[in-house]
Amino acid sequence: MSAYAVIRSGGKQYRVAPGDVIRVESVAGSEGKVSFGDVLAVSGAEGQVGRAPSDARVVGEVVSEGRGAKVLVFHYKRKKQYRKIAGHRQPFTAVRITEIAFDGQTFNAPELPKKQPKVKKAKPAEEVEAPKAEAKGAKAAAKKKAPAKKTAAKKAAPKKKK
């Protein structure tokens with residue numbers, strides 16, 4: 001059982017553990033690090049759950065920022081020829097929880113592996129030195145289309161006798 005905390009941010013409550021990524025309402029003035037001071041409850045490694053002490057803190061790092069899905073707001077009054085539609089996209093900040101600290105205990109998130117740049121493979125010498133004229137001839141032959149199929153002639157419908 002790992003440690004977790006319940007925090008309040010933007011009028012909502014979130015249950016977080018080290019390493020979790022949560023979407024909170026836009027956090028202003030965040031240069032990479034975010035600290036949540038409003039900790040409502042904490043749980044240690046032993047599974048004890050209790051009210052958070054005043055010195056409890058949750059620290060995270062900003063992963064990304066963006067805007068949520070569009071929500072349509074539609075106002076309508078019947079029999080009055082009144083309708084109005086507006087769209088809204090709520091901005092958010094994605095935060096990865098890196099640390100939960102309380103009562104002298106600290107629970108840290110595991111480190112993420114560093115992304116290595118991809119190494120491009122060198123082409124074999126045979127493919128590089130191929131003459132362009134041969135390549136063009138092969139492409140032209142591949143592009144030739146088969147002749148179009150002829151459609152069958154329609155048969156005349158028999159005439160009805162009156």
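Buried means under 20% relative accessible area, exposed means over 50%, and partly exposed lies in between (1.4 Å probe, protein chains only). The structure is a predicted model: local features need pLDDT of at least 70, side-chain atom pairs count only at pLDDT 80 or more, and totals for chains, interfaces and linings use all residues. Residues are numbered from 1 along each chain as its sequence is written, and side-chain values use heavy atoms, with hydrogens and water left out.

**Ser-9**

Ser-9 belongs to strand 1, residues 4–9. Strands (E, at least two residues) are DSSP runs, numbered from the N terminus. Ser-9 counts as buried because its relative accessibility is 12%. Contact means heavy atoms within 4.5 Å. Setting aside neighbours within four places in sequence, Ser-9 touches Tyr-14, Val-24 and Phe-36.

Leu-72, Phe-74, Tyr-76 and Ile-85 make up a nonpolar patch on the surface. Their accessible area together is about 470 Å², by the Shrake-Rupley method with a 1.4 Å probe, where only the protein chains shown count as cover for residues. Patch members have over 30% relative accessible area and no salt bridge; nonpolar side chains (Val, Leu, Ile, Met, Phe, Trp, Tyr) are joined within 5 Å, like charges within 9 Å. A salt bridge is a side-chain nitrogen of Lys or Arg within 4 Å of a carboxyl oxygen of Asp or Glu.

Strand 8 (residues 71–77) gives the most to the patch, with 3 residues. Tyr-76 is placed in strand 8.

**Rings and charges**

Rings of Phe, Tyr and Trp (its six-membered ring) pair if their centres lie within 6.5 Å; planes under 30 degrees apart are stacked, over 60 edge-to-face, and the rest tilted. The count is 2 aromatic pairs. One of them is stacked: Phe-74 with Tyr-76, 6.2 Å centre to centre and 10 degrees between the planes.

A charge sits over a ring if NZ of Lys or CZ of Arg is within 6 Å of the ring centre and within 35 degrees of the ring normal. The table gives two cases.

| Charged residue | Ring | Distance from ring centre |
|---|---|---|
| Arg-15 | Tyr-4 | 3.8 Å |
| Lys-77 | Tyr-82 | 5.4 Å |

**Positive phi in loops**

Most residues other than glycine have a negative phi. Lys-79 is not a glycine, yet its phi is positive, about 65 degrees. Lys-79 lies in the loop between strand 8 and strand 9 (82–88). Lys-79 is exposed, because its relative accessible area is 70%.

Asp-103 is not a glycine either, and has a positive phi of about 50 degrees. Its loop runs between strand 10 (91–102) and strand 11 (105–108). Asp-103 counts as exposed, at 55% relative accessibility.

Key: Helices (H or I, at least four residues) and strands (E, at least two) are DSSP runs, numbered from the N terminus.
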